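Colleague: I would like to learn how to read side-chain features in a model. Could we go through them in turn?

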Amino acid sequence: GKAGVRVCEGSSTAVEYNGVRGGGECGISLSSGATSRVAANDVSRNRKAGVLVWGGETRPLLCRNTVHDGEQAGIYLYAAARGVLLRNEVYA
């Protein structure tokens with residue numbers, strides 16, 4: 001699927017201070033072992049999850065993001081994904 005920002009294959013990076021809006025799928029996708037820091041982003045108006053985290057080895061830190069006005073879940077973790085979520089603001 002299409003994502004505004006995609007981090008995967010064991011990548012570890014900082015995704016900070018971005019506006020991610022109007023994606024055809026999810027706003028930010030973290031998968032396949034990504035261990036990134038995702039902080040202080042404004043994520044809105046995406047067709048699927050604002051932030052999607054999936055896969056057993058995927059363990060990001062999500063903090064101080066504003067996730068809003070999406071068509072599905074604001075932050076969605078599945079398929080044994082783990083993460084730390086701190087001080088995110090999620091609303092419809």
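**Aromatic pairs, core and salt bridges**

Modeller: This is a predicted model. A search of the whole structure finds two aromatic pairs.

Colleague: How is a pair of aromatic rings described?

Modeller: A pair of aromatic rings is described by the distance of the centres and the angle of the planes. Here the ring centres of tryptophan 54 and tyrosine 78 are 6.3 Å apart and the planes meet at 25°, so this pair is stacked. Planes under 30 degrees apart count as stacked.

Colleague: Which strands hold tryptophan 54 and tyrosine 78?

Modeller: Tryptophan 54 lies in strand E7 (residues 51–54) and tyrosine 78 in strand E10 (residues 75–78), so the pair ties together parts that are 24 residues apart in sequence.

Colleague: What is the geometry of the pair formed by tyrosine 76 and tyrosine 78?

Modeller: Tyrosine 76 and tyrosine 78 are also stacked, at 5.0 Å centre to centre with 15° between the planes. Trp54, Tyr76 and Tyr78 form one aromatic cluster.

Colleague: How accessible are tryptophan 54, tyrosine 76 and tyrosine 78?

Modeller: Tryptophan 54 has a relative accessible area of 31% and is partly exposed. Tyrosine 78 is partly exposed at 35%, and tyrosine 76 is partly exposed at 41%. The class covers values between 20% and 50%, because under 20% means buried and over 50% means exposed.

Colleague: Next, the nonpolar core. How many residues does the largest nonpolar core have?

Modeller: The largest nonpolar core has 13 residues. Those with the most contacts inside it are Ile28, Leu30, Val38, Val51, Val53 and Leu62. Strands E4 (26–31) and E7 are the elements that give two or more residues to this core.

Colleague: What is leucine 30 in contact with, leaving aside its neighbours within four places in sequence?

Modeller: With those neighbours left aside, the contacts of leucine 30 include Val7, Val38, Val51, Val53 and Leu62. Trp54 is also among the contacts of leucine 30, and Trp54 belongs to the aromatic cluster.

Colleague: Now the charged side chains. How many salt bridges does a search of the whole structure find?

Modeller: The search finds four salt bridges. For each one, read the closest N and O atoms, then the places in the chain. Arginine 37 forms a salt bridge with glutamate 16, the closest N and O atoms being 2.5 Å apart. Arginine 37 is in strand E5 (residues 37–39) and glutamate 16 in strand E2 (residues 14–16), so that pair links distant parts of the chain, 21 residues apart. Arginine 37 is partly exposed at 31% relative accessibility, and glutamate 16 is partly exposed at 28%.

Colleague: What does arginine 21 form a salt bridge with?

Modeller: Its partner is aspartate 42, and the closest N and O atoms are 3.1 Å apart. Arginine 21 lies in strand E3 (residues 19–21) and aspartate 42 in strand E6 (residues 42–44), so this pair ties together parts 21 residues apart in sequence. Arginine 21 is partly exposed at 46%, and aspartate 42 at 22% is partly exposed.

Colleague: Where do glutamate 25 and lysine 48 lie?

Modeller: Glutamate 25 is in the loop between E3 and E4, and lysine 48 in the loop between E6 and E7, 23 residues apart. They form a salt bridge with the closest N and O atoms 3.1 Å apart. Lysine 48 counts as partly exposed at 39% relative accessibility.

Technical notes: Residues are numbered from 1 along each chain as its sequence is written. This is a predicted model: local features need pLDDT of at least 70, side-chain atom pairs count only at pLDDT 80 or more; totals for chains, interfaces and linings use all residues. Side-chain values use heavy atoms; hydrogens and water are left out. Rings of Phe, Tyr and Trp (its six-membered ring) pair if their centres lie within 6.5 Å; planes under 30 degrees apart count as stacked, over 60 as edge-to-face and the rest as tilted. Helices (H or I, at least four residues) and strands (E, at least two) are DSSP runs, numbered from the N terminus. Buried means under 20% relative accessible area, exposed over 50%, partly exposed in between (1.4 Å probe, protein chains only). A nonpolar core is a set of buried Ala, Val, Leu, Ile, Met, Phe, Trp, Tyr and Cys residues joined through side-chain atoms within 4.5 Å. Contact means heavy atoms within 4.5 Å.
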